[in-house]
Amino acid sequence: MLPYLEVTAASYAASYTAGLRVTGTPDGAVLSGACPRCACPFDFTYTRRVYRHRPVGGRSAHIVTVPVLCVCETEHTGRPADEEGCGAYWNVLLERAGR
């Protein structure tokens with residue numbers, strides 16, 4: 001098993017999105033896939049906002065950058081007690097359709 005290491009690589013996003021399943025929620029999405037570093041499966045919850053407010057401006061589709069962290073439940077040597085996953089992180093682009 002890989003040790004915990006806070007690291008990213010240019011290939012992580014493409015590898016992660018290859019088998020990614022996205023489930024929309026009222027305030028974001030749940031991304032289900034495997035970590036490109038440790039290969040462990042996990043669900044990552046993306047929330048667009050933490051409070052409710054009236055939308056401002058148009059409601060057309062747009063692309064958002066989502067920072068993703070590995071939050072797998074597998075034990076990784078050296079992982080701090082207050083952390084999850086293997087330490088890998090990357091960004092993915094999600095297109096959100098307007099309502």
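Helices (H or I, at least four residues) and strands (E, at least two) are DSSP runs, numbered from the N terminus. In this predicted model, the protein has one helix and five strands, which follow the pattern α-β-β-β-β-β when read along the sequence. Residues are numbered from 1 along each chain as its sequence is written, and side-chain values use heavy atoms, with hydrogens and water left out. Because the model is predicted, local features need pLDDT of at least 70 and side-chain atom pairs count only at pLDDT 80 or more, while totals for chains, interfaces and linings use all residues.

**Burial**
- Of the 99 residues in the protein, 33% are buried, where buried means under 20% relative accessible area, exposed over 50%, and partly exposed in between (1.4 Å probe, protein chains only).
- Threonine 17, which is found in helix H1, counts as partly exposed at 37% relative accessibility.
- The C-alpha atom of threonine 17 is separated by 8.9 Å from that of alanine 34, although the two are 17 residues apart along the chain.

**Aromatic pairs**
- There are four aromatic pairs, counted when rings of Phe, Tyr and Trp (its six-membered ring) have centres within 6.5 Å, with planes under 30 degrees apart called stacked, over 60 edge-to-face and the rest tilted.
- One of them is the stacked pair of tyrosine 16 and phenylalanine 42, at 5.9 Å centre to centre and with 15° between the planes.
- Tyrosine 16 lies in helix H1 (residues 12-18) and phenylalanine 42 in strand E3 (residues 41-47), so this pair ties together parts that are 26 residues apart in sequence.
- Both tyrosine 16 and phenylalanine 42 are buried, and ring pairs link Tyr12, Tyr16, Phe42 and Trp90 into a cluster.

**Charged side chains**
- Side chains of opposite charge can pair when their charged atoms come close.
- The count comes to one salt bridge, defined as a side-chain nitrogen of Lys or Arg within 4 Å of a carboxyl oxygen of Asp or Glu.
- Arginine 79 forms a salt bridge with glutamate 75, with their closest N and O atoms 3.6 Å apart, and glutamate 75 counts as exposed at 62% relative accessibility.
- Glu6, Glu73, Asp82, Glu83 and Glu84 form a negative surface patch, a term for residues with over 30% relative accessible area and no salt bridge, in which like charges are joined within 9 Å and nonpolar side chains (Val, Leu, Ile, Met, Phe, Trp, Tyr) within 5 Å.
- Glutamate 83 lies in the loop between strand E4 (62-69) and strand E5 (89-96), and is partly exposed, with a relative accessible area of 34%.

Conventions:
Accessible areas come from the Shrake-Rupley method with a 1.4 Å probe; for residues, only the protein chains shown count as cover. Lys and Arg count as positive and Asp and Glu as negative; His and the chain ends are not counted. The place of a charge is taken as NZ of Lys, CZ of Arg, CG of Asp or CD of Glu.
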